[in-house]
Amino acid sequence: MATIARKADTWSSRFGFIMAAVGSSVGLGNFWRFPYTAGENGGGAFILIYIACVILIGLPVLMAEYGMGRKSGMSAVEGVESLARAESKSQKWGMVGWIGTITATFILSFYMVISAWLLAFVIQAMKNGFAGMDAASSGSNFANVIGQGEHALASKWYMLALLAAFIIANIAIVGRGVKGGIEKAASVLMPAFFVILLVIVGFSLSRGNAGETFAFLFQPKWEDVGFKTFLEAVGQAFFSIGVGVGLMITYGAYLDRGTNIPRSSVIIAGSDTFVALIAGFAIFPIVFAAGLDPAGGPSLFFVSMPVALGNLGPIGYLMSVLFFALALFAAFTSSISLLEVSVSWLEERQGVTRMGAAMGVGFMLWLVGAAYIFSTEYLDFMDFITGNVLLPLGGLLVAIFAGWVLSRDMLTSELGEGNIMNVWRFLMRWFVPAFVGFVLFFGFFDKIQDQYHVQLPGFLEGLLGPNYELPPAD
């Protein structure tokens with residue numbers, strides 16, 4: 001077996017790395033999941049719990065993944081195996097990297113499809129296609145776009161073409177490398193993303209119902225806080241940052257020695273939290289002013305927002321283009337980072353070029369995406385498998401590997417010595433594994449109860465809420 005060398009490519013600047021890393025963390029979940037989850041689970045009370053989870057759980061794991069990546073200088077799979085060898089531990093610990101890489105690819109397979117939906121809505125917004133829509137017509141429009149309404153076959157072929165275009169754009173960026181592709185794209189897209197976000201927030205606050213939004217998001221409602229609130233906060237904090245999928249280990253492999261990992265991790269986690277906190281003000285003031293349901297998820301983006309923006313006249317046309325372009329930017333910067341996880345591993349194989357690896361993975365993603373387009377019910381199932389099984393499992397293994405398998409000295413050179421190392425090591429050994437295991441166990445049962453109506457035993461029903469009432473047998 002050929003010896004695998006450290007990555008020769010590196011980030012050219014700290015700014016470029018920060019932009020790429022923030023781009024990988026900030027995704028669609030910041031917009032359609034976090035604000036609604038916060039409002040429905042205690043508002044300001046949830047946000048306080050969420051920020052504590054980011055600091056105590058998300059940030060330590062983020063630091064660990066960057067440290068492991070820079071120490072090894074390899075892809076997630078090869079990097080974890082090399083660190084295990086250095087500690088004279090079993091090569092089976094490579095499963096940490098394998099689970100992360102597989103999870104990233106699975107997530108990317110359906111993330112690309114949702115991104116194709118966004119691209120279709122950007123095109124429709126540019127044609128002023130949302131003007132005068134009501135809730136019923138917007139719902140029908142969404143169904144038509146994704147191939148579940150009129151002219152279903154033609155719509156699905158259209159989505160296949162948009163999916164191919166989005167994947168080709170990803171291949172073009174990732175195939176050019178870290179410095180010439182990912183970093184260059186992120187250095188342009190992320191500043192543009194923040195400018196557009198602030199413009200939309202300003203417009204939404206000036207034209208929408210800011211007071212109701214503030215009360216929904218930030219007014220502490222401690223009476224709504226329960227067991228599931230902590231479950232949601234831990235899960236959201238852990239997964240929003242993007243740990244547990246091998247991504248941050250991969251990005252860490254391209255870091256130079258001059259980058260301060262703890263400081264950079266704080267900036268990245270803080271930026272992701274900032275976007276999550278203000279994203280609600282880009283959406284809900286307009287939604288509330290239009291008297292629409294603030295339910296989270298795809299319906300918020302693809303049904304409620306076209307109605308809210310399409311009835312605001314010429315300014316609504318401009319804002320609808322900007323809004324869906326903003327979402328597309330967030331999706332694109334996340335997708336190129338997820339694609340890099342598998343490409344990084346493939347290019348370490350003898351005879352495989354980076355562009356060839358990107359094209360091969362891209363073609364496989366198009367085939368899988370085509371299956372989702374023609375059978376959309378599998379999207380929910382894949383979301384369940386990745387979000388409630390593979391992601392927390394990968395995160396739990398990272399925490400155990402970094403906290404218990406790697407020695408203190410192994411990561412001292414990456415994270416520093418002193419109080420930072422002492423606190424980080426305590427959290428990674430005792431606190432993070434317990435809470436990530438908590439999310440894995442209870443999050444799984446919570447999901448199968450809510451989504452698949454599985455009847456839970458009494459003690460779980462008491463924690464997670466009453467079971468779905470099955471219809472009486474005939």
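A crossing of two helices is called left-handed if the near helix is turned anticlockwise from the far one by less than a right angle, and right-handed if it is turned clockwise. In this predicted model, local features need pLDDT of at least 70 and side-chain atom pairs count only at pLDDT 80 or more, whereas totals for chains, interfaces and linings use all residues. Residues are numbered from 1 along each chain as its sequence is written, and side-chain values use heavy atoms, with hydrogens and water left out.

Helices here are DSSP runs (H or I, at least four residues), numbered from the N terminus. Axes are lines fitted to C-alpha atoms over the stretch in contact, and angles between N-to-C directions run from 0 to 180 degrees. Helix α4 (residues 44–72) passes helix α19 (residues 419–452) in a left-handed crossing, with an angle of about 115° and axes 9 Å apart. Contact (heavy atoms within 4.5 Å) involves residues including Leu56, Ile57 and Pro60 of α4 and Trp424, Phe431 and Phe435 of α19. By class, this contact of α4 with α19 has 14 nonpolar, no polar and no charged residues, where Ala, Val, Leu, Ile, Met, Phe, Trp, Tyr, Cys and Pro count as nonpolar, Asp, Glu, Lys and Arg as charged, and the others, Gly among them, as polar.

The axes of helix α5 (residues 76–86) and helix α6 (residues 95–126) come within 7 Å and cross at roughly 165°, and the two helices are therefore roughly antiparallel (an angle over 145 degrees). The crossing of α5 with α6 is right-handed. Ala76, Val77, Val80 and Glu81 in α5 meet Val96, Gly97, Trp98 and Thr101 in α6, a contact with five nonpolar, two polar and one charged residues.

Methods
Angles under 35 degrees count as roughly parallel, over 145 as roughly antiparallel, 65 to 115 as roughly perpendicular and the rest as oblique.
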